[in-house]
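Please look at the sequence and the model first, then read the sections below.

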Amino acid sequence: MANPEVDIVDFEPEDDDLMEEEGAIDEAPHPKIRSAITGGSSFSAPKKTKGRGFREETEAERNNRFASKDFDSLDSDGGPGPQRSIEGWIILVAGVHEEAQEDDLQNAFGEFGEVRNLHLNLDRRTGFVKVNQLPLFSTLQTSFCNDTPGNEEGYALIEYGKFEEAQAAISGMDGVELLTQIVTVDWAFSNGPFKRRNMRKRFVALLSSFTFSDAHYKERIR
Amino acid sequence: MMSGGGEDNGEFYLRYYVGHKGKFGHEFLEFEFRPDGKLRYANNSNYKNDTMIRKEMFLTPSVLKECRRIISDSEIMKEDDSNWPEPDRVGRQELEIVMGNEHISFTTSKIGSLVDVQSSKDPEGLRIFYYLVQVGTTIG
């Protein structure tokens with residue numbers, strides 16, 4: 001069901017902080033916020049839903065573990081552009097050949113400066129680059145993969161000490177063939193939320209997602 | 001180039017939780033990717049009186065696109081948790097994803113190894129989950 005409030009809200013970075021405002025929660029007067037999340041009523045379009053999460057009661061113990069405040073953030077001016085990480089500038093290399101070795105990337109990307117860190121996630125079983133693995137963030141490696149044959153590309157994260165080195169690597173390697181595959185190279189972290197040109201078309205859907213996750217946070221703050 | 005269904009649809013949300021309650025309190029790790037690129041991460045343990053770690057940052061569209069590709073290629077959205085092991089005292093995992101017009105919210109126990117996968121009622125589906133969600137903490 002479309003939320004009429006959504007249509008008058010412009011998508012701006014500040015809107016992302018809806019969860020800080022009490023008003024945000026009042027729009028969803030559901031007895032259980034969990035049900036607002038999972039019941040699909042806060043989405044602009046009907047969704048196919050699946051899973052136990054939609055049928056289970058909320059656990060009171062879960063409330064506080066993911067509160068919206070007190071998150072450590074990278075220092076950011078909120079403007080567009082790449083964001084420095086704790087120790088350097090991190091770029092994402094997508095489309096990496098599954099048989100790529102760290103040396104291959106080291107050689108290619110070492111041209112642009114000293115590679116401080118290089119994460120090329122290998123499949124535990126095959127030793128090949130993991131093709132289905134989510135990006136990781138500094139101290140945590142979260143590996144997402146599967147073993148479906150036929151996947152042939154993965155990703156790497158590369159850290160440089162200097163902005164100029166990272167920028168040169170992006171300029172020099174994006175769209176370039178590496179081990180017979182075209183890789184795409186871009187910054188990993190950004191200063192602020194996406195700003196899409198066609199946001200007008202998408203923002204209703206996006207905002208409905210915010211509603212969903214904001215409610216989620218509200219629930220946990222309590 | 002591979003291209004799974006729905007990966008270019010603008011709407012994408014992902015949340016993963018793994019945790020348990022024991023003598024060090026509610027120990028868990030949770031993160032979420034929001035549609036605007038915000039990544040939040042929380043990690044809690046009361047071990048040695050440690051306190052909760054909460055971090056947040058913004059990812060570029062390129063990273064989110066890669067995430068969508070990974071989810072899409074994994075075909076996790078086609079699975080169902082109805083025959084997966086229920087969460088128990090050992091722990092609980094949750095995976096919630098919104099992509100395109102599909103929304104999954106799966107819950108299961110912790111999975112120790114592939115033996116657990118094989119002995120489950122849905123080894124095919126649980127294997128996809130197991131390989132999609134492999135958490136290590138070895139990177140420094």
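Exposed means over 50% relative accessible area, buried means under 20%, and partly exposed lies in between, with a 1.4 Å probe and protein chains only. The buried residues of this helix, which spans residues 102-109 of chain A, are A:Leu105, A:Ala108 and A:Phe109. They lie on the same side of α3(A) because they cover an arc of only 85° around the axis, the arc being that of the directions from the helix axis to the C-beta atoms.

The cover over the buried residues of α3(A) includes β3 (89-97), β4 (115-120), β6 (153-160), α4, β7 (177-178) and β9 (184-187) of chain A. Helices (H or I, at least four residues) and strands (E, at least two) are DSSP runs, numbered from the N terminus.

## How the model was treated

This is a predicted model, in which local features need pLDDT of at least 70 and side-chain atom pairs count only at pLDDT 80 or more, while totals for chains, interfaces and linings use all residues. Residues are numbered from 1 along each chain as its sequence is written, chains are lettered from A and ligands numbered from 1 in the order in which they are written, and side-chain values use heavy atoms, with hydrogens and water left out.

## Chain A as a whole

Chain A has five helices and 10 strands. Of its 222 residues, 51% are buried. Among contacts (heavy atoms within 4.5 Å) in chain A between residues at least 6 apart in sequence, 70% join residues at least 24 apart.

## Confidence

The predictor's confidence in each residue is its pLDDT, from 0 to 100. Chain A has a mean pLDDT of 65, with 43% of its residues at 70 or more. Within chain A, the mean is lowest in helix α2 (residues 33-38), at 35, and highest in helix α4 (residues 163-173), at 97. For chain B the mean pLDDT is 86, and 89% of its residues reach 70 or more. The complex has an ipTM of 0.85 and a pTM of 0.70 from the predictor.

B:Glu79 lies in the loop between α1 (61-74) and β5 (92-99) of chain B. Leaving aside neighbours within four places in sequence, its contacts include A:Lys50, B:Trp84 and B:Phe106.
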